[in-house]
Amino acid sequence: MKRTLAILASNPLSAVGVLLIALVVLLAVFADFIAPFPEHRGAVVDFVNFNKPPQWPYIFGTDLVGRDMFSRIIYAYRISLILGVVVLAIAVPIGVTIGLVAGYVGGWTEYVLMRITDVFLSIPPLVLAMSMMGLLEPTLTNGMIAVTAMWWPWYTRLVYNLARSEKEEGYVLAAEVIGASKLHVMFREILPNCVPSILTKMTLDLGFVILIASSLSFLGLGVQPPTPDLGSMVAEGAKYLPDSWWLTVFPGLAILIAVFGFNLLGDALREILGVEQ
Amino acid sequence: MTAPTLLIRDLRLSFKGYSGLVEVLHGISLHIDKGERVALVGESGSGKSVTARIILGLLQSMRTARISGALNFEGRDLEAMGRGERHRLRGTKMSMIFQDPTSSLNPVYRISEQFHEVLKRMVPGIGRAEADRKAAAMLADVSITEPERVLASYPFQLSGGMNQRVMIAMALANEPSLLIADEPGTALDVTVQAQTLKLMRDLVTRHNTAVLFISHNLGVVREFADRVYVIYKGRIVEHGKATQLFDNPRHPYTRALMNAIPRITGEGIPEIQDNSDEYLAPLVVHEGCGEPGGVA
């Protein structure tokens, strides 16, 4: 704990990351209490106050049907975070398990699993997600599925490399000698030694998952209106630039803050956990 | 006479490579009686460690390995045993100690947790408290003065010598009848190595454990072993009691090996030939050291 604080103190950027993410998470969790107009997250129309530049009580302005941008951004954060967490919660166990098996068992198993992984890795992530979304109905759940499908191979590759090197460690041989099963060696001996790297990557990735999900909805393939989403808000507002600048700038900044924050936090975590790059 | 703890007859090992079979062991025969300490000495790549892995059954699962010959453990044919039965022997009747004690312990678990895993091999339902109590007693046996502190530590918090003792205690925890020591302590400094070897010798004598001691260090072998096999390029070249072999090395390779030790008196690094036809001379067996069953 002391060491953690010392690292944060010696590296102001890490502290900034922690603060930004704390802000984002607090906004998302307590959205119902913080948002000045909670009902604006849905299909509300208020043509008296439409398309207003930032002013009290609409600090980020209002959109084309008069909804408060600030409230909508807060609720969009909530959806982005849920999406990021769910995607990683599914993609990481799948990717990690495949990577462990490929790295530890070796032989044909390794060859087949890693070639399949390579196929996924060879397709640009956004293109893969887009083509999946093109086939599926554009909903939040399908968005999660598409992003998950493109995310697990990165964990497979990471854990595969770690497992390959951990496999040569003496304690793996020692465990095999006293008769530990393959499952025990993989999950109880090798996996705990990979946890710091996995955690660091997960933190870094949360930002990127949010970015990809926003990109999808920017293209109209993600979360559908009236549910607030940062990506679709930017896409919507882009048509009215530069006059109604607040329609794009604030959601764009919100994406920037989340992605930047998770990156800084990931770097801080890497330092704290002593993970090599 | 009871069956020897370990009997290996005409063990051959080859690996299938791109250019055909590469033979690594050319028919090794050796035996270890109950409670006997036997050393297998040879240079790097002579086949010492693969022999150990074959005994434990770790190499058999490799697709490229071709193994033939007889392997008997306490009178039972290891190769005829089912996988499950053979698996049960590991960690209970057979155990092993490695070169580098610190890397042989998983850095993410405390010593007590790792001890627990070892004890579970013998008594699957053993509880944590019971395991800790047993472990503490065993650590006391290897002259660790504060067993509780060591049990609560992670391997990287302990010195190499401490870890080596922990490894010895773990290896002997389930009272195996055969302990394979693969160059134990080579990664430690000389004084620590000497202490832990003495400890290990006392313990195996007390528990009447048979030991296969694999080493390239002749000084250590002389102190530790009752009987010595010298191995060169996958063949046993000389076999005798430790005293016979060290007093009167008869095989040209054994003599070269002994001459290779730098003297503390400072006569410079000895000159020996890397390769010589003489090294391939046939097996020399000292008096009274034949293999059981009459095969030399």
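Which loop of chain A holds A:P242? Select A:P242 and look to either side: the loop runs between α10 (230–238) and α11 (246–273) of chain A. This is a predicted model, so treat each stop as a feature of a prediction.

**Stop 1: the cis bond**

Stay at A:P242. Show the backbone from A:L241 to A:P242. That peptide bond is cis. Its omega is near -5°.

**Stop 2: helix α7 of chain A**

Now select residues 140–166 of chain A. This is helix α7, with 27 residues. From first C-alpha to last, α7 reaches 38 Å, close to the 39 Å expected at 1.5 Å a residue. Then look along the helix for a bend. Where is it? At A:A149, α7(A) bends by about 30°. Select A:P153 too: this proline follows within four residues of A:A149.

**Stop 3: A:Q224**

Go to the loop between α9 (182–218) and α10 of chain A, where A:Q224 is found. Leaving aside neighbours within four places in sequence, A:Q224 is in contact with A:P138 and A:T139.

**Stop 4: chain B as a whole**

Along the principal axes, the C-alpha atoms of chain B fill a box of roughly 60 × 50 × 45 Å. A compact globule of 296 residues would have a radius of gyration near 19 Å, and the 20 Å of chain B agrees with that. Buried residues make up 41% of chain B. Of the contacts in chain B with a separation of 6 or more, 69% are between residues 24 or more positions apart.

**Stop 5: two positive phi values**

Select B:S143, in the loop between α4 (128–141) and α5 (147–151) of chain B. Its phi is near 60°, a positive value in a residue other than glycine. B:S143 is partly exposed because 13 other C-beta atoms lie within 10 Å.

Move to B:E175, in the loop between α6 (160–172) and β7 (178–182) of chain B. Here phi is near 50°, again positive in a residue other than glycine. B:E175 has 12 other C-beta atoms within 10 Å, so it is exposed.

**Stop 6: where the chains touch**

Bring chain A back. How many residues of chain B are in contact with chain A? There are 18, and they meet 13 residues of chain A. Colour β6 (94–97) and α3 (111–122) of chain B: these are the elements that give two or more residues to the side touching chain A. That side of chain B divides into eight nonpolar, six polar and four charged residues.

**Stop 7: the nonpolar core**

Finish inside. The largest nonpolar core has 153 residues. Select A:V147, A:V209, B:I180, B:L212, B:F213 and B:V230, the residues with the most contacts inside this core. Next, highlight helix α4 (residues 69–105) of chain A, which gives the core its largest share, 20 residues.

Zoom in on B:V230. Setting aside neighbours within four places in sequence, its contacts include B:V41, B:G42, B:I236 and B:V237. B:H251, B:Y253 and B:L257 are also among them.

How values were computed. Residues numbered from 1 in each chain as written. Chains lettered and ligands numbered in written order. Predicted model: local features only at pLDDT ≥ 70, side-chain atom pairs only at ≥ 80, totals over all residues. Expected span 1.5 Å × (residues − 1). Bend = angle between axes of the 7 residues up to and from the residue. Rg over C-alpha atoms; globule rule 2.2 N^0.38 Å. Buried ≥ 20, exposed ≤ 12 C-beta atoms within 10 Å, placed from the backbone. Contact = placed C-beta atoms within 7 Å. Nonpolar A, V, L, I, M, F, W, Y, C, P; charged D, E, K, R; others polar. Core = buried A, V, L, I, M, F, W, Y, C linked by C-beta atoms within 7 Å.
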